[in-house]
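This report covers one protein model. The sequence and structure come next.

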Amino acid sequence: LGALQTLPTSQARLLFAYVKQFLVYLDRSCKDWDDNECGQSNVEKYVNIVAYREGHVGIVHFLVAILYLQRLHANGLELSHQALNSLILVGLMEASKFLDDDCPNNRCWAAAGALTIAEVNLLELHFLDLLGFRLAAQPAELAGLLRDLLDFARRPSAERGASPLARRFQ
């Protein structure tokens, strides 16, 4: 975990690009994704906005947020295109609260996600309930997730659905 937080900027940017690629892939694989709707996912744009507005968000936060999404999916939550932005926001918010002593409050997260504070508070409550308030991320879980993310990113686009990371969400 500490090694990820002290990555050189170029490596951190590359990992961040991989995370965005995976989140776009996840968005497009949702059952309610409509190719005719807009032709491209807005998740990448949204992730950039949230990450840059909140400054406190690093690669570790994204990995933990993906781990939370995986847990939600494993608990039976079907990820949808319509809900993914909110789930990413709340996942990052909870990762920040869990990992950092000094983290942005819900008002800041609401502004970053273009939501009201009441919406963020309600999303947070439901998110935590669905996770059973289990936010701890074990080093082995994160190492496995990172390995799978690198495997995902190295595959040609047409083969990404067969990657271990993509299979976690099938």
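## Overall fold

Residues 24 or more positions apart account for 71% of the contacts in the protein with a separation of 6 or more. A contact here means heavy atoms within 4.5 Å. The model is predicted: local features need pLDDT of at least 70, side-chain atom pairs count only at pLDDT 80 or more, and totals for chains, interfaces and linings use all residues. Residues are numbered from 1 along each chain as its sequence is written, and side-chain values use heavy atoms, with hydrogens and water left out.

The protein has 10 helices and 0 strands. From the N terminus, the order of elements is α-α-α-α-α-α-α-α-α-α. Helices (H or I, at least four residues) and strands (E, at least two) are DSSP runs, numbered from the N terminus.

## Surface and burial

The protein has 170 residues, and 46% of them count as buried. Buried means under 20% relative accessible area, exposed means over 50%, and partly exposed lies in between (1.4 Å probe, protein chains only). The accessible surface comes to about 8,800 Å². Carbon and sulfur atoms hold 53% of that surface. Areas come from the Shrake-Rupley method with a 1.4 Å probe; for residues, only the protein chains shown count as cover.

Leu 122, Leu 125 and Phe 133 make a nonpolar surface patch of about 330 Å². Patch residues have over 30% relative accessible area and no salt bridge; like charges are joined within 9 Å, nonpolar side chains (Val, Leu, Ile, Met, Phe, Trp, Tyr) within 5 Å. Leu 122 sits in helix H8 (residues 117-130). Its relative accessible area is 48%, so Leu 122 is partly exposed.

## Helix H9

Helix H9 (residues 139-154) has 16 residues. At 1.5 Å a residue, H9 should span 22 Å, and its end C-alpha atoms are 23 Å apart, which agrees. The expected span is 1.5 Å times one less than the number of residues.

Which residues of H9 are buried? They are Leu 142, Gly 144, Leu 145, Leu 146, Asp 148, Leu 149, Phe 152 and Ala 153. Asp 148 has a relative accessible area of 8%. Not counting residues up to four places away in sequence, Asp 148 touches Pro 164, Leu 165 and Arg 168. Its side chain makes a polar contact with the side chain of Arg 168 at 2.7 Å. A polar contact is a pair of N or O atoms within 3.5 Å; within protein, one must be able to donate a hydrogen and the other to accept it, and residues adjacent in sequence count only if both atoms are side-chain atoms.

## Salt bridges

Side chains of opposite charge can pair when their charged atoms come close. A search of the whole structure finds 5 salt bridges. Each is a side-chain nitrogen of Lys or Arg within 4 Å of a carboxyl oxygen of Asp or Glu. Glu 141 and Arg 71 form one of them, at 3.0 Å, N to O. This pair links distant parts of the chain: Glu 141 in helix H9 and Arg 71 in helix H5 (residues 59-74), 70 residues apart. Glu 141 is partly exposed at 26%, whereas Arg 71 is buried at 8%.

Arg 155 forms a salt bridge with Asp 151, the closest N and O atoms being 2.9 Å apart. Arg 155 is partly exposed at 24%, and Asp 151 is partly exposed at 25%. Salt bridges that share partners join Arg 147, Asp 148 and Arg 168 into one network. Within it, the closest N and O atoms of Asp 148 and Arg 147 are 3.8 Å apart. Arg 147 counts as exposed at 54% relative accessibility.
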